Amino acid sequence: MPPVKPMLAKSVAKIPPGMQYEAKWDGFRAIVFRDGDEVELGSRTGKPLTRYFPELVAALKERVPERCVLDGEIVIALEGRLDFDALTERIHPADSRVRMLAERTPASFVAFDVLALDDESLTDVPLTDRRELLARALAEATPPVHVAPATTDVEVAERWFEEFEGAGLDGVIAKPLTLRYLQDERAMFKIKHERTADVVVAGYRFHKSGPVVGSLLLGLYDDKGALQHVGVSAAFAMKKRAELVEELEPLRMDDVSGHPWAAWSQEAAHETARLPGAPSRWSGKKDLSWVPLRPERVAEVAYDHMEHGARFRHTARFRRWRPDRSPESCTYAQLQEPVRYDLAEVLGG
């Protein structure tokens, strides 16, 4: 019975040998509970996602066993590639908008584990046996319900790691073959893409604990010479957060009007642009005020991939300052784009 917290993965640098390998999907992790006409979609935190994906509820009733619990990922694909932005738009309070988007950009469910069938709990069953039961249970499933491709061949996994990124996937998940299903434990391994980029540090937000840096605001220049916000870097030790305030003080601007992102202070700008100075349905009442800096400092950060080629999909990881680089040289042109790969080829595997 819900809620069930999904089993998690810890990051490692290389694909480990002797395991089961799957693609790492870039969507909403979801536990599917079906009991006859009842279908519930549980999120990673245990909160229900059911109302946001009515088309999936209908599809699951037709395509999965009458009584089962499945672990998987809710994804949306546009033009053969996963689109996380389209997915986040579904978390909306208005039922009419949710249903409109369900028709316009329907979601899919990619199953990669089974936790229960009929009256039997499978959480103590080894992974290899669960995988066989999953494949058998969903043997007749058709889109938008899929079984995630899996292999025990590490060379195939390495090829997936390189190729599948072009379809918007995050990397590879490795699972020990005898692994039981361990709720909320990091018992699997994830191997993600990592690249580096030189970015302009153009501001920061304070940490929730007090007057120390919470996150650095990062920018890149586009082909028109405008500095675009591309994400944040936020993982710092508390001592480093305090040091950053002092280190960046000479760049602090008292008047935001001369800053490239001065529009953040104008509420009307938030209606037409996705700006990190604006509240959203994700942040709620969270304080998103920021401290503007003269865009003169360059930092090297690590990132996994770009979302729509415009911003970092996840929080970037600070590596070092780059005093040898000029801010104007920090453009989108430096970013490496993965070779395009059709998602249908992934799911067809």
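1. Lysine 24 is buried because its relative accessibility is 15%, where buried means under 20% relative accessible area, exposed over 50%, and partly exposed in between (1.4 Å probe, protein chains only). This is a predicted model, in which local features need pLDDT of at least 70, side-chain atom pairs count only at pLDDT 80 or more, and totals for chains, interfaces and linings use all residues. Residues are numbered from 1 along each chain as its sequence is written, and side-chain values use heavy atoms, with hydrogens and water left out.

2. Which residue forms a salt bridge with lysine 24? The partner is aspartate 170, with the closest N and O atoms 3.2 Å apart; a salt bridge is a side-chain nitrogen of Lys or Arg within 4 Å of a carboxyl oxygen of Asp or Glu. The pair links distant parts of the chain, 146 residues apart: lysine 24 is in strand S2 (residues 19–24), and aspartate 170 is in the loop between helix H5 (154–163) and strand S12 (171–176). Helices (H or I, at least four residues) and strands (E, at least two) are DSSP runs, numbered from the N terminus. Aspartate 170 also counts as buried, because its relative accessibility is 2%.

3. Aspartate 124 and arginine 180 form a salt bridge through their side chains, at 3.2 Å from N to O. These residues are 56 residues apart, with aspartate 124 in the loop between strand S9 (120–121) and helix H4 (127–137), and arginine 180 in the loop between S12 and strand S13 (186–192). Aspartate 124 is exposed at 57% relative accessibility, whereas arginine 180 is partly exposed at 40%.

4. Glutamate 300 and arginine 320 form a salt bridge at 2.9 Å, N to O. Glutamate 300 lies in strand S17 (residues 291–303) and arginine 320 in strand S20 (residues 317–321), 20 residues apart. Glutamate 300 is buried at 12% relative accessible area, and arginine 320 is partly exposed at 43%. Both belong to one network of salt bridges with shared partners, which also includes Asp198, Arg322, Asp324 and Arg325. The total count is 24 salt bridges.

5. The largest nonpolar core has 36 residues. Such a core is a set of buried Ala, Val, Leu, Ile, Met, Phe, Trp, Tyr and Cys residues joined through side-chain atoms within 4.5 Å. Among the residues with the most contacts inside this core are Leu216 and Trp321. S17 and S20 are among the elements that each supply at least two of its residues. A second, separate core of 31 residues includes Val32, Leu60, Ile91 and Val114.
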